[in-house]
There are 2 protein chains.
Amino acid sequence: MELGAAADEAFAGEDTFAEDDRPSTWKAGARSQATHCRANSRRGMTDAIRPSYPPVESVRRALEILRILNRLRICTVGDIHAATRLPKPTIVRMLDTLIADGYVVRDNMCGGYRVTHRVEELHAGYKGIAEVIEASRPFSVDLTNAIKWPVGIGTLDGDAIAVQFWTGTISPWVHANTLLHNRPNLLTSAMGRAYMAFCGEEERAALFAMIRAGSNGSFGSEREAQHNVLLASVRKQGFAIRAPQTEPRRNTTVAMPICHKGTVLASITVSFFISAVPRNKVEEQIIEPLRQAVNKIETVIAFMRRGGASEVDGAVSDCPLDV
Amino acid sequence: MELGAAADEAFAGEDTFAEDDRPSTWKAGARSQATHCRANSRRGMTDAIRPSYPPVESVRRALEILRILNRLRICTVGDIHAATRLPKPTIVRMLDTLIADGYVVRDNMCGGYRVTHRVEELHAGYKGIAEVIEASRPFSVDLTNAIKWPVGIGTLDGDAIAVQFWTGTISPWVHANTLLHNRPNLLTSAMGRAYMAFCGEEERAALFAMIRAGSNGSFGSEREAQHNVLLASVRKQGFAIRAPQTEPRRNTTVAMPICHKGTVLASITVSFFISAVPRNKVEEQIIEPLRQAVNKIETVIAFMRRGGASEVDGAVSDCPLDV
DNA sequence: GTATGAGTTTCGCATTGCGAAATTCTCGTA
DNA sequence: TACGAGAATTTCGCAATGCGAAACTCATAC
């Protein structure tokens, strides 16, 4: 397996791994059979959680009416009644509520009711990490179920990466500590390297300038040039590996970018124990499955953004690769 | 006043208008002092309307929580509590409701709650006519209050224009009939001409192809070429005038495009009686005020789309002008 | 293992939201 | 102008729905 010089370095000292040394379930894994867990749990999945309350009917109705307004654009009470079968006084009450809080106006100059700019506040947070997680989650969970190693997703946040999603909650081969809310370093982490390798040149220059400004002279043009060589290699390979000196040294991380139309949205990683995966199996067991998951994720994102949907399987990454 | 050949033609037969022939208030105008009117009224303004019901508190709370989720992206119950001061069981109840209807998911892999793609349905209708009306309304109402003539706004809808906003409800100089829901012809109406003159070349070609296909041979390349000459003149002048043979002949209409970054969003018009405005006063009393309103509207739209806001007054239209 | 805090559940209560019926407004037509 | 039909809005009696303090349970940190 050809991983490049940096990648070879990551595996220094670990040549083989005996079959009986493979990690089985650990302390954390012992709780992975819980039927459900809470939103703040580091083990298990919230998927099977039962609701504490029945849905509030008035809320559902108001949101349904708001959806109709968005679909039909300019509506009369009669239009909404025809679309929803809700009683007209109920419709007027909900409209009065939406009007009171600024989401809708009643305007005879357009002949009915229409939404206002305020509805932007009801969706503006979706673009970004929420969208990336939504697109990535099923494939990440599948990947962890398949390869057993945890998958993480992080986004650029100022001068570091913010890890905002981590399937370690369901991975049998994981330490109890979480990666969630970690802020891996842009230069040394796999996430940071993947991000910087694939973002635009101007953005990369700006990031280098920020790193240089914050380094008190310890990061100069020589180290930047070296790092650029490393990033070029990352682009050539299509993935990044964590700097080998990073603690804990028993682990390493492979990262790839999630892109849409040439823009890096996030970095996605698989973390694993160096001793658990033979060096000649990393491509097959880690990198290739991760690459396939990234392709699926990018396809779904393109579809959701109506960038020309193709089938979920088999789509090609939009990231610039030096091939 | 230089209005061009087509514009001169619109005024054929009407040279002057005696001061005492100016229309005063008419039947419709007699009701314009109503304190408020309903959403389906063709006279008056809904602005002063009193709500029929107090706002529904649970709806307001759910929407407030949804706004926080969009602002903070990934939230815990504690985050929402800190931002809203709502009791935590209330927050959980609202979240359960939003989860039940698919707008939000609880996910321990990201450490809290996040919005889903479904929130797009709560805003998707804003982009388009709702946004244009919202930006245009105050300036259109001001314009009608200043010049007394009704302002209309229409958008392309298949093979015609759909008039979707009309200040005739408050204009003292207007016939009882409304323009709302009218579908002016693309070739003969001022709105249609303004739209076609300023839309992109590909779109215009497609529109011509559609017109030709629907004309049973009566609209051929010769008439298209003639119309293109007229449209070039419209672009040169910055406004379009209704074809003079259009009924009722006592009226005419001046239209301009509302554009954003070179795209025509809508057409906006002032309609007036030919006999009421001297030909040498049309520029001053109609065209120039309308142009100023359009500039303001486009500035507001650019600001709301964060396309580089400048002050509301004095912004330059983004429309391509042959100058 | 313990303490603290976060998230979730319970249950008595009353207010808030509901909608059938009535009223009023608006438009279209003669 | 008058009338009829339909659209939009208002009224008001009622009970179910939503509320939240208190309690409970889970999860993390040390």
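The surface near DNA strand C divides into 9 nonpolar, 10 polar and 10 charged residues. In these classes, Ala, Val, Leu, Ile, Met, Phe, Trp, Tyr, Cys and Pro count as nonpolar, Asp, Glu, Lys and Arg as charged, and the others, Gly among them, as polar. The model is predicted, so local features need pLDDT of at least 70 and side-chain atom pairs count only at pLDDT 80 or more, while totals for chains, interfaces and linings use all residues. Residues are numbered from 1 along each chain as its sequence is written, and chains are lettered from A and ligands numbered from 1 in the order in which they are written.

Of the 29 residues around DNA strand C, those that come nearest are Ser52(A), Arg42(B), Thr76(B), Gly78(B) and Pro89(B); a residue is near a molecule or strand if its C-beta atom, placed from the backbone, lies within 6 Å of it. Two or more residues of this surface come from each of H2 and H4 of chain A, and from each of H2, helix H3 (77–84) and H4 of chain B. Helices (H or I, at least four residues) and strands (E, at least two) are DSSP runs, numbered from the N terminus.

The surface near DNA strand D has 9 nonpolar, 10 polar and 10 charged residues.

How do the two protein chains relate to each other? A rotation of 180° with 0.0 Å of shift along its axis superposes chain B on chain A, with an RMSD of 0.1 Å. The two copies are thus related as by a two-fold rotation axis. In chain B, Val59(B) has the C-alpha nearest the axis, 2.4 Å from it. Copies are superposed by least squares on the C-alpha atoms of residues with pLDDT of at least 70 in both.

The contact between the chains takes 68 residues from chain B and 68 residues from chain A, where two residues are in contact if their C-beta atoms, placed from the backbone, lie within 7 Å. On the side of chain B that touches chain A, H2(B) gives the most, with 10 residues. That side divides into 33 nonpolar, 21 polar and 14 charged residues. Because 100% of the interface residues of chain B are also interface residues in chain A, the copies meet through the same surface.

Within chain B, H2(B) and H4(B) pack at an angle of about 80°, with their axes 10 Å apart. Axes are lines fitted to C-alpha atoms, for helices over the stretch in contact, and angles run from 0 to 180 degrees between N-to-C directions. H2(B) is therefore roughly perpendicular to H4(B); angles under 35 degrees count as roughly parallel, over 145 as roughly antiparallel, 65 to 115 as roughly perpendicular and the rest as oblique. Arg61(B), Ala62(B), Ile65(B) and Leu66(B) are the H2(B) residues that meet Thr90(B), Ile91(B), Met94(B), Leu95(B), Thr97(B) and Leu98(B) in H4(B).

In chain A, H2(A) and H3(A) pack at about 115°, with their axes 10 Å apart. Glu64(A), Ile65(A), Ile68(A) and Leu72(A) of H2(A) meet Asp79(A), Ile80(A), Ala83(A) and Thr84(A) of H3(A). This contact has 5 nonpolar, 1 polar and 2 charged residues.
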